[in-house]
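Let's take a walk through this two-chain model together. Please have the sequence and the 3D view open as you read.

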Amino acid sequence: MITKNTNVVIDGGTEKDSERQSRQADAPTLRLDDVSYAYTKGGKRVLRNMSHDFHAGKVHAITGPSGAGKTTLLSLISGLAVPTEGKVLIDGEDLAKRDRYRFRSHDIGVIFQSFNLLPNLTVAENIILSMEASGKSFDRPKKDIVDGLLGQVHLPKEYANERILHLSGGEQQRVAIARALSYDPAIIVADEPTGNLDLATQDDIMGIFRKLAHDGNRCVIIVTHSPEVAKASDEVFELAPIRRRGKRNN
Amino acid sequence: MFVFRNAWKSVIRNKGRNILIIVIVTIIAAAATIGLSIRQAAATARTSGLENTTVTAQISLDRSKLISESRQQTTTDSDSSESSGADGKPDFDAMRSALADKQLSLADYQKYAKSSSAVKSTYYTETTGLSATDDFQPVSDSDNSSESSGTDNSKGSSNVSDSTDASGKQNGQSDAPPDGKMSDSGGMSDRDGGTMVSGDFSLVGFSSDEAVSNASNGSFTMVDGKVFGYGSSSDDDVIISKSLADFNDLSVGDTITVSDANDSDTTYKLTIVGIYKNSTDSSQQMGGPMRSTASDPANAIYTSVSTLKSLGLDADADSDSAAQLSYTYVCSSKSDYETFAKDVKKAGLSSDYTVSSADVENYESSLVPLNNLSKFALTLLIVVLSVGAVVLVVITLLNVRERKYEIGVLTAIGVNKVKVAAQFTLELLIVTMIGLAVGAGVGAAVSVPVSNQLLASQVEQQQSQQSSQREQFGRDMAKPGDSNDSKNGSDSGDGSTTAGENKGDDGTSQRRAQGGPGMMGRAVDYVSSVNATVDLKVVGQLLLVGLGLTLVATLVAVVFVLRYEPLQILADRS
């Protein structure tokens, strides 16, 4: 299903009723509710009145040309930024009102474009750091979980004690995915996960994401400008460049 | 828990940087330990040094005050003091007679002793002069001794009562050494005796064993016989020095005949019950010019005050040869001494008198280098700590900037900023605590030698200061008597001009003049080593200092961490 209309305006009163009903049946894990964002107060709005639902068990692709606000949207979803207007709802709850640190460490796994792994730590240390930061308790020793995760992202176990600096871009990408999965979040967000990878690796990684969504019933959101990735996704949410949209509206 | 584990891991991971911080903190901590332990040792020495030792005190006339007062009264005085000391001499006689009226009697002294509960005990000595008779001659090692004693006699007899008063006071000021170590200060009073005690022998009457053990000529041991008793049954019992006994070929049981110093027709018969030997010889008798053989410790005849009384020579007697009284109060501690000083003021001691303690003064002057060192240590502490704080802050600042990316990643994966700040604080705390521990150890090891080394240089400085003062005063070892004269007249030599103009100056120059001869006989017994050990208090202070510095440094880190937005950091990176 492809949603091209990004400016859906939902009436506030009826929205709440419909939301409550839909949560019982097919509640969105994550909902953007009329979200706008400007980096500076009263400045240029990067995102404007955006609404969209993201469901568990599906791979969502957010596409659009450069400057359309893809990374900004990702920051809003992952709770690194708070929308200037509108709400980001997680299971119907306003993210702005939640402890966003806890949300980031607990409920969402983010795979950053630049991976954001700590270069002087080993693979296992990076993954365990996230596990510990989540504050969750694990039924198995953390080392075992790391081994399992490395298998899941198709990395050999020997990599566990390798420093991040010694890994290639694709390998770092896999470690970043493993880290995002380590504390079993309900939502996984990836920013250009295949950006600088060869086609085979790209397919492999997309396979991992699909598996996570379909088998693990997670809500997977991928920001990409690659048509292949969009094609491999269950849903595509296309952002139009804001300037052009503005002109068209005029 | 997460914070602790992460902080510890991070400390282990960044060995190089942390070792650098440890080294810096160690240096700061070692310097701070030395400074703190020096201050601690100085404080301990100041408070506890005289805590458990008895302190002796005297009541003495504030002569400089009286002299300057009487000076202001006479109009001609200013002329005479400007011209020369010799012209001013008649005025001194007037002043002396003014001082004479102020002399305290034995009853007065005893009244003040009763007025304060801080006085543990009291004792006194009475000293008078006796002249030789044909069959009993003083010990003398110079040929012209009779000549010199003759001049002294004539000088003394010209105004006996005046000079007696003046020097009796002087005796009170510097008499009664507390123990053998201080016996030289007793020697000083002995030199005073040269100017005052006429005759060939000094007859010293003691009130009790305590007085005997604090004899002004230093402690002694009995060679033969035993010390006299204090009751009237022991009247006329005396002990004489071994040299005197040998000189006159006398032994225990013999009777000696001596005559009154001012009236050779009056003779006294005394029985020798013991012969003593001074165990500490006064060193200055070798160099000082002996005005009178009576001032030679060898010519001191010791007896009880009861004997003096029965001979009609005691302090309250009307005779010209009346003894000078030296009354000593014994307090069990320095604080008791201070209480005593307050109590006697309350009991009506006029402001013309001062309560002084040779022990306390000696002790305080012995602390001068230590106090200087303590001041130096404070300066050192301030400099070291401020430099240390700046260095730590700068290192932390660089550290946080360098680890900006780490902060970004940690906050991005959901670690609370407060937790990140706590982690950074903890890391610095771990590192500084290691540095503090090592520094305290190093400081403890070197603080004793270092502080003693510093103290030695302070003592040296103090001594060279004094010797240069002595040079400035133009008095050398050969004429210590001159400085005493200047004390009496307070108008001789270079000190006079300032002394006449300024009362405060007068006081200090007097003290210096006093210190001068003291230095010749013996060095002031400066506290030349301290027990600058590092105890729990110092460690506690060091910990506080360390925590304080760490807090200052981490405050900077915290401010920076809280300022960073993860999104910005990560955006900058990519």
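## Ground rules

Axes here are lines fitted to C-alpha atoms, for helices over the stretch in contact, and angles run from 0 to 180 degrees between N-to-C directions. Two residues are in contact if their C-beta atoms, placed from the backbone, lie within 7 Å. Helices (H or I, at least four residues) and strands (E, at least two) are DSSP runs, numbered from the N terminus.

This is a predicted model, in which local features need pLDDT of at least 70 and side-chain atom pairs count only at pLDDT 80 or more, while totals for chains, interfaces and linings use all residues. Residues are numbered from 1 along each chain as its sequence is written, and chains are lettered from A and ligands numbered from 1 in the order in which they are written.

## The two chains

Chain A has nine helices and 10 strands, while chain B has 23 helices and 10 strands. A residue counts as buried if 20 or more other C-beta atoms lie within 10 Å of its own, as exposed if 12 or fewer do, and as partly exposed in between, with C-beta atoms placed from the backbone. On that scale, 44% of the 250 residues of chain A are buried, and 46% of the 574 residues of chain B are buried.

In chain A, 74% of the contacts with a separation of 6 or more are between residues 24 or more positions apart. In chain B, 85% of the contacts between residues at least 6 apart in sequence join residues at least 24 apart.

## Strands of chain A

Let's start with strand β4(A), residues 58–63. Five of its six residues are buried, so β4(A) is largely enclosed by the rest of the structure. Two strands pair if DSSP finds at least two bridges between them. β4(A) runs parallel to β9(A) (residues 219–223), joined by five bridges, and Val59(A) stands opposite Val220(A) there. β4(A) also runs parallel to β10(A) (residues 235–238), through four bridges, with His60(A) opposite Glu235(A).

Chain A also holds an open sheet of four strands, in the order β3-β2-β5-β6, with antiparallel pairing. β3(A) (45–54) and β6(A) (93–94) are at the edges with a single partner strand each, so one side of each is left without a neighbour in the sheet. Within this sheet, β2(A) (residues 30–38) and β5(A) (residues 85–90) pair in the antiparallel sense over five bridges, and Leu30(A) stands opposite Ile90(A). Helix α2(A) (residues 70–77) lies across β2, β3 and β5 of chain A and runs at about 120° to β2(A).

Asn49(A) has a phi near 45°, a positive value in a residue other than glycine. Asn49(A) is located in strand β3 of chain A and is partly exposed, with 16 other C-beta atoms within 10 Å.

Phe115(A) is another residue other than glycine with a positive phi, near 65°. Phe115(A) lies in the loop between β7 (108–111) and α4 (123–134) of chain A. Is Phe115(A) buried or exposed? Phe115(A) is buried, with 23 other C-beta atoms within 10 Å.

## A helix with one buried face

In chain B, helix α6(B) (residues 106–115) has Tyr109(B), Tyr112(B) and Ala113(B) as its buried residues. Seen down the axis of α6(B), these fall within an arc of 105°, so they line one face of the helix; the arc is that of the directions from the helix axis to the C-beta atoms. Ala107(B) and Lys114(B), on the other side of α6(B), are exposed.

What do the buried residues of α6(B) pack against? Their partners are β1 (55–61), β2 (119–131), β9 (324–331) and α14 (334–346) of chain B.

## Annotated stretches of chain B

An unreviewed UniProt entry annotates residues 20–38, 376–400, 420–446 and 542–564 of chain B as "transmembrane region". UniProt positions are given in the numbering used here, feature names are shortened, and annotations may be inferred rather than shown by experiment.

Residues 420–446 of chain B are 100% helix and 0% strand, with the end C-alpha atoms 38 Å apart. Residues 542–564 of chain B are 96% helix and 0% strand, and there the end C-alpha atoms are 33 Å apart.

## Where the chains meet

The contact takes 14 residues from chain B and 19 residues from chain A. On the side of chain B that touches chain A, α1 (2–13), α17 (404–412) and α23 (566–573) of chain B each supply at least two residues. α23(B) gives the most, with four residues.

The residues of that side of chain B divide into eight nonpolar, three polar and three charged. Here Ala, Val, Leu, Ile, Met, Phe, Trp, Tyr, Cys and Pro count as nonpolar, Asp, Glu, Lys and Arg as charged, and the others, Gly among them, as polar.
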